[in-house]
Amino acid sequence: MNIVFMGTPDFAVPSLEKLLAEGYSVKLVVTQPDKPQGRKKILTPTPVKEAALKHGIPVFQPRRLRDEESVAELAKWEPDLIITAAFGQILPKAVLDMPKYGCVNVHGSLLPKYRGGAPIQRSIINGEKITGVTLMYMAEGLDTGDMISKVEVPITDEDTSGTMFAKLSEAGSDLLISEMPNLISGKVTATPQNDEEASYAKNLTRDDEKIDWSRSAKEIYDQIRGLVPYSGAFTLWDEQVFKVWAAVNPLAMPDEYIKASSGQKEVEAGTVLSLSKLGVEIKTSDGSLWLTEVQPAGKKAMSAGDFARGGSLKAGTVLK
């Protein structure tokens with residue numbers, strides 16, 4: 001059987017690696033074009049490309065899979081099954097109709113919830129306690145295809161997008177491997193999605209990263225961890241971006257933070273209440289939130305306790 005695998009980030013690598021370890025014949029890997037990374041803008045291959053080259057698998061990197069030339073190139077490989085995992089492009093109908101056994105996607109949510117490009121981040125930002133992976137047949141709509149199987153994965157209050165990407169990529173790759181015999185034999189019983197239960201996880205924007213201190217401490221805490229380790233959440237201090245990379249869970253604060261909290265109530269949300277070796281305490285709509293890792297403009301990320309000792313931020317300052 002000729003398998004074409006499509007994926008781009010680290011999330012997709014375990015699925016590719018386990019397919020190969022199980023002896024499946026991956027003839028071609030399709031991934032996004034190399035992109036410049038870092039301050040020096042060094043052209044860098046995607047994690048999936050690196051994995052493919054390590055195993056000597058040919059790699060195809062179309063800028064637009066919808067282009068006729070890209071479809072024609074893919075057709076040359078005569079795929080019997082196409083497997084995608086966080087590929088990053090929508091497959092056109094010509095590609096969806098190409099393989100005998102269909103196009104199957106490893107999606108990082110419990111469909112029909114969180115269709116779209118940022119299901120893991122938005123699950124955390126929204127304070128979900130459970131997420132998971134759905135193995136599904138691809139259709140022309142956005143993550144609307146019939147579901148093959150699912151696996152649930154809990155989200156702890158300490159999880160970030162980074163930890164959940166790792167957990168879900170492993171869970172998704174195991175789910176894929178468990179279903180491969182059925183996919184190949186055609187013995188899959190797929191279930192249509194209930195569109196009335198659908199929700200969408202659109203790609204994150206700059207607005208999603210901006211902290212609104214008038215929200216509850218738990219909502220802000222979830223926003224922060226949902227953006228780690230990628231873009232990070234931010235606020236403004238003296239009109240400069242002030243990033244926040246970690247905070248204390250306000251629903252499970254250690255005693256030392258409870259004792260150190262200022263207890264001030266009648267101040268504007270976003271006001272710096274206290275600074276100490278523990279970090280920086282900020283007023284929220286329902287109390288306060290302790291920041292434990294921050295990044296002032298033009299500097300590297302640091303512990304909020306070290307930052308507080310620098311003395312440049314004062315109690316009473318209002319972050320916007």
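Trainee: Where is leucine 273 found?

Mentor: This is a predicted model: local features need pLDDT of at least 70, side-chain atom pairs count only at pLDDT 80 or more, and totals for chains, interfaces and linings use all residues. Residues are numbered from 1 along each chain as its sequence is written, and side-chain values use heavy atoms, with hydrogens and water left out. Helices (H or I, at least four residues) and strands (E, at least two) are DSSP runs, numbered from the N terminus. On that basis, leucine 273 sits in strand β12.

Trainee: Is leucine 273 buried or exposed?

Mentor: Buried means under 20% relative accessible area, exposed over 50%, and partly exposed in between (1.4 Å probe, protein chains only). Leucine 273 has a relative accessibility of 6%, so the residue counts as buried.

Trainee: Which residues is leucine 273 in contact with, leaving aside neighbours within four places in sequence?

Mentor: Contact means heavy atoms within 4.5 Å. Leucine 273 then has these partners: Ser262, Gln264, Val267, Glu281, Ile282, Lys283, Ser288 and Ala315.

Trainee: Which residues of the largest nonpolar core touch the most other members?

Mentor: In soluble globular proteins, nonpolar side chains tend to be buried together. A nonpolar core is a set of buried Ala, Val, Leu, Ile, Met, Phe, Trp, Tyr and Cys residues joined through side-chain atoms within 4.5 Å. Here the largest one has 36 residues, and those touching the most other members are Phe5, Leu19 and Met180.

Trainee: Which element gives the most to this core?

Mentor: One of its residues, methionine 180, touches Ile3, Leu19, Tyr24, Leu81 and Ile83, not counting residues up to four places away in sequence. As for the top contributor, nine residues come from α6.

Trainee: Which residues of helix α2 are buried, and how wide is their arc?

Mentor: Helix α2 covers residues 47-54, and its buried residues are Val48, Lys49, Ala51 and Ala52. The arc is that of the directions from the helix axis to the C-beta atoms. The buried residues line one face of α2, because seen down the axis they fall within an arc of 160 degrees.

Trainee: Which residues of α3 are buried, and how wide is their arc?

Mentor: On the other side of α3, Glu68 and Glu69 are exposed. The buried ones in this helix (residues 68-75) are Ser70, Val71 and Leu74. They line one face of α3, because down the axis they fall within an arc of 100 degrees.

Trainee: How many salt bridges are there?

Mentor: Side chains of opposite charge can pair when their charged atoms come close. A salt bridge is a side-chain nitrogen of Lys or Arg within 4 Å of a carboxyl oxygen of Asp or Glu. By this rule, the count is 18.

Trainee: How many residues apart are lysine 18 and glutamate 170, which form a salt bridge?

Mentor: Their closest N and O atoms are 2.9 Å apart. The pair links distant parts of the chain: lysine 18 is in helix α1 (residues 13-21) and glutamate 170 is in helix α6 (residues 161-185).

Trainee: Which helix holds aspartate 208, the salt-bridge partner of arginine 122?

Mentor: The side chains of arginine 122 and aspartate 208 meet at 2.9 Å, N to O. This pair also links distant parts of the chain, 86 residues apart. Arginine 122 is in helix α5 (residues 119-125), whereas aspartate 208 is in helix α7 (residues 206-209).

Trainee: What is the volume of the largest pocket?

Mentor: On a 1 Å grid over the protein atoms alone, a pocket is an open set of points where a 1.4 Å probe fits, with protein on both sides within 12 Å along at least five of seven lines; lining residues have an atom within 4 Å of a point. Grid points are joined across faces, edges and corners, and a volume is the space filled by probe spheres set on the points. The largest pocket is lined by 49 residues, of which Pro9, Ala86, Phe87, Gly88 and Gly117 lie nearest its centre. Its volume is about 1400 Å³.

Trainee: Which residue does a cis peptide bond join to leucine 111?

Mentor: Omega of this bond is about 10 degrees. Leucine 111 is joined to proline 112.

Trainee: Is glutamate 78 buried or exposed?

Mentor: Glutamate 78 lies in the loop between α3 and β6. Its phi is near 45 degrees, a positive value in a residue other than glycine. With a relative accessible area of 58%, glutamate 78 is exposed.
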